[in-house]
Amino acid sequence: MRYRRSRAARAAGAALCCALLAAGCGLLPSGGGARSAAHHTASGPPARPVPHGKGSKKPDDFNGDGHPDLVLDTLLNPDDSHDDDPGIGIVYGSDHGLDPAVRRLLTPARHAAPTDGVVPAVFDAEAACDLDGDGFTDLVVSTDPPYDGRGRPPVPVQLLFGSPEGLTARAVKLRIPDRARFGTEWPDQPVCGDFDGDGDQDLAVTASGPRASFLRGPFTRAGAPKGAGAPLDIPGTAPAGLPAPVDVDGDGADDLLVRSGDAGRRAPGRLALGGARGPDAAGAALPAGYDVAFGRFDGGTSADAVVAGGGRLAVRYGVGTAAPRSATVRVAGRSVAAGDVTGDGRTDLVVSGGAGRPVLLPGSAGGLRADREQAVPKVPGMPAAARTAVLRLADYDQDGRADLVLLTRSGGRDAVTVYRGTASGFADEPAVSFSTAAFTE
């Protein structure tokens, strides 16, 4: 799942000066639908209805049935759709993990809120969390509302609320009070987290300059926060991806990661620590890199951070403590995802974006073990040179081990493939594999 500058903001011509990332709710793969080279058939099983849930505390559980779901923000377009955004795909979970037959397509025409009668052309998934506290995860999306370039631009962020049927209703626009806005740039990079430690999910979005709008939850079904004050001064200019909430200093409030540089470029980062007033306290500085992940790689009680530098990983064990321990691991890659794959209580790391397939580095009592590096299995039916990205590392079958979700593309084909975690690493054979063309056929 990775955070990135939204297509909506790019389409609107925004020039952001402060983009930030939560160590709070991560999901999402990058947007930008790819055109298919040929019509796809038999891309997945026939669609089945979404089972009704009663609400749960599980992350990414839009229908509240106790099983985490998957957001797909990059779908193959049918041949005749030109450059239109094909929408957002949702794959719902089951007792056995993700079930591609239980899926739903969210499109701007059916699910986005119009502005002045105009339906957005762009519909990008940004974050997921339970904003109204009803036990059903909600989806935060970015759009491209019309703007004539005069005055303060409208808010491009919209909220899709979960329900026993999942994500079905039309979105509502996020309401940011005037007192919480600053300058004339587009609010961008919406991120979730309990930044004030009160148990409710909050949102942070960028404001002009090195500032962020902090919106306290819970949110109403009309898109309004419980409260919001003046924008916080949080220096930074670009996002990084974090797949799960993290409270690095153990005070009960989620913390925020801010990077100084454009997305996809090597840049330093800094933690903004959450508290009663939100993420307004300066935390640890992190070395320059392309991506950041947090975990407990040595199984300790303190959070660790790993920064992907391209040819090596910079690790900070106990990043929330007064004296973190630094280490360097020589593994090539620009993207990192953290989760307990083996179920031993220590966080493992998947590194991707290097020359070959993604690799798994297991955690140990001494930290990450490069000498036990394992290559992720090759995706069946795809050429060895096919481009593979890590979408998520999460426990979809709920066996206590994180599963790996990959998106592989080659020409006009793609495959979403799930490898289950085992005590020795990832299973050799995928648990499920399907094409995103199933959503648009």
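Two strands count as paired if DSSP finds at least two bridges between them. Keep that in mind for the views below, which all come from a predicted model.

View 1. Let's start with β20 (residues 304–308) and β21 (residues 313–317), which pair in the antiparallel sense over 4 bridges. Look for V306 here: the residue opposite it in β21 is V315. The two strands form a hairpin with 4 residues between them, and G310 of this hairpin has a positive phi near 105°. Now move on to β22 (residues 325–329), which is joined to β21 by 5 bridges and also runs antiparallel to it. In this pair, Y317 has R325 of β22 as its bridge partner. How many of the 5 residues of β21 are buried? The count is 4, so the strand is mostly covered, given that buried means under 20% relative accessible area.

**View 2. An open sheet made of four strands.** Here the order is β7-β8-β9-β10, and the pairing is antiparallel. Which strands stand at the edges? They are β7 (124–129) and β10; each has a single partner strand, so one side of each has no neighbour in the sheet. For β7, there are 5 bridges to β8 (residues 138–142), and the two strands run antiparallel.

**View 3. Two separate nonpolar cores.** The largest nonpolar core has 18 residues, and those touching the most other members are L131, V140, L159, L174, I176, L203 and L215. Two or more residues of this core come from each of β7, β9 (157–160) and β12 (202–206). Zoom in on I176 and, leaving aside residues up to four places away in sequence, you'll find V155, R181, P187, V205, S213 and L215 in contact with I176. In soluble globular proteins, nonpolar side chains tend to be buried together.

View 4. D60, which is not a glycine, has a positive phi of about 55°. To find D60, go to the loop between β2 (34–35) and β3 (70–72). Is D60 buried or exposed? It's buried: the relative accessibility of D60 is 9%, and the cut-off is under 20%. Q189 is another residue other than glycine with a positive phi, near 50°. Its place is the loop between β10 (172–173) and β11 (191–193). Q189 counts as buried too, because its relative accessibility is 1%.

**View 5. A cis peptide bond in a loop.** The bond from G217 to P218 is cis, and its omega is near 5°. You'll find P218 in the loop between β13 (211–216) and β14 (227–228).

**View 6. The stretch to treat with care.** Over the whole chain the mean pLDDT is 87, with 86% of residues at 70 or more. Where does pLDDT stay under 50? That happens over residues 1–42, although the model gives this stretch 185 contacts beyond four places in sequence. Where pLDDT is low, the predicted coordinates should not be read in detail.

Definitions and conventions: Residues numbered from 1 in each chain as written. Predicted model: local features only at pLDDT ≥ 70, side-chain atom pairs only at ≥ 80, totals over all residues. Heavy atoms only, no water. Buried < 20%, exposed > 50% of the residue type's maximum accessible area, 1.4 Å probe, protein only. pLDDT = per-residue confidence, 0-100. Contact = heavy atoms within 4.5 Å. Core = buried A, V, L, I, M, F, W, Y, C linked by side-chain atoms within 4.5 Å.
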